[in-house]
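Colleague: I have a model open and want to learn how to read it. Where do we start?

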Amino acid sequence: MTDIDILIANTIREDVRAGHSYTVPDASGYIKLDAMENPYELPENLRRELATRLADAVLNRYPVASYATLKQKIRDNLGVPAGYDVILGNGSDEIISIIAMATARQDTRAVLMAPSPAFVMFQRSAQFAGMDYVGVPLKADFSLDREAMLAAIAKHKPAVVFLAYPNNPTGNLYDADDMVAIIEALGETGIAVVDEAYQPFARTSFMGRLPQYPNLMVMRTLSKLGLAGIRLGYLAAAPALLQQFDKVRPPYNINVLTQVAAEFALDHVAVLDEQAARLNEARGELAAALAALPGVTVFPSSANFITLRVPDAERTCAKLFEERVLIKNLSKMHELLANCIRVTVSTPEENSVFLNALKASL
């Protein structure tokens, strides 16, 4: 062993040494349909106005630590109920990490739970915070297994349960009554976090139910709305509950440029909503075209991506890669996702290129 190897063995946690980094492939020269991004930019006149605001941003000072103006715009424009507040994160990833850090206990191993398959950062954040992760398998049609979830809650008594609405990577909306049963089962001993990253496309939400359930929190991001590059997530809940999570939020975690860009975008949120509507229309057209292909099973989606099953996911992804099209191979994530791939809904032109390449691969 080298000196560096010995140093790493003596200082880095064993589970970290055994793990892997979250890698993102280089997309240069490819049609990028693997990351659920909005393909549309802001209109030219808005980009010019935004450029002026960014040029005037005060870069030599720290951000205003309260982020009061940005938080007020989120509350005013994004459906947060009166009397409820938000905290901000560097994307949803940081929000998930904050939740895990605040609920991980030092006297015992706390449990973070989610239906499975789910967003990979739920499990990674639980691991890095020192929590136990319990994934409860979905049914074969990707719906919630209500009885299994309730049994797991009774057995493991989780501190936090994440429910993605719609779910990533499957794209479907869980039954709302099943979700309510889970929230109620947690009661005063656990927090339910409804992850609504894809709410701009689902057009349904648990945000309005916050006053009904003291243990409910709603997490969203501006990434899927069309602002993936600025990395801004937010968590809505009762102010007293949020105060506890704010204690572990890093200071100045939202940079000045993100703050300026987000405030500007929220002044023009109707433009982003119109783009989401276009993508929803394209989603229906693409899903219908995919369902007509032999050997392809298309799963219902309320997000800006479609999950489908093909005869051979490895071969399909390899062929698409040769055609300079990047999609996500889900087949190794979970046994329920055998031979499944996920494609972002994009512009008509990019959807057409993907569809033709997929036909050739089949």
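Modeller: Start with strand β5, residues 160-164. 5 of its 5 residues are buried, so β5 is largely enclosed by the rest of the structure. Buried means under 20% relative accessible area, exposed over 50%, and partly exposed in between, with a 1.4 Å probe and protein chains only. Strands (E, at least two residues) and helices (H or I, at least four) are DSSP runs, numbered from the N terminus.

Colleague: What should I know about the source?

Modeller: This is a predicted model: local features need pLDDT of at least 70, side-chain atom pairs count only at pLDDT 80 or more, and totals for chains, interfaces and linings use all residues. Residues are numbered from 1 along each chain as its sequence is written, and side-chain values use heavy atoms, leaving out hydrogens and water.

Colleague: Which residues of β5 lie on each side?

Modeller: V160, F162 and A164 are on one side, V161 and L163 on the other. Both faces are covered, and all of these residues are buried.

Colleague: Which strands pair with β5, and over how many bridges?

Modeller: Two strands pair if DSSP finds at least two bridges between them. Strand β3 (residues 111-116) pairs with β5 in the parallel sense, over 2 bridges. There, M113 has V161 as its bridge partner. Strand β6 (residues 191-195) also runs parallel to β5, paired over 5 bridges. In that pairing, F162 stands opposite V193.

Colleague: What unit do β5, helix α8 and β6 make?

Modeller: To judge handedness, point the strands away from the viewer: a crossover is right-handed if the path from the first strand over the helix to the second runs clockwise. Here β5, α8 (residues 176-186) and β6 form a right-handed β-α-β unit.

Colleague: Now helix α15. Is F354 buried or exposed?

Modeller: F354, found in α15, is buried, with a relative accessible area of 0%. Leaving aside neighbours within four places in sequence, F354 touches L33, L286, L290, L320, V325, I327 and V343.

Colleague: And what is S361 in contact with?

Modeller: S361 also lies in α15, residues 348-361. S361 is buried at 1% relative accessible area. Beyond neighbours within four places in sequence, its contacts are R315, T316 and K319.

Colleague: How many helices and strands does the chain have?

Modeller: 15 helices and 13 strands. Buried residues make up 50% of the 362 residues. Among contacts between residues at least 6 apart in sequence, 72% join residues at least 24 apart.

Technical notes:
Contact means heavy atoms within 4.5 Å.
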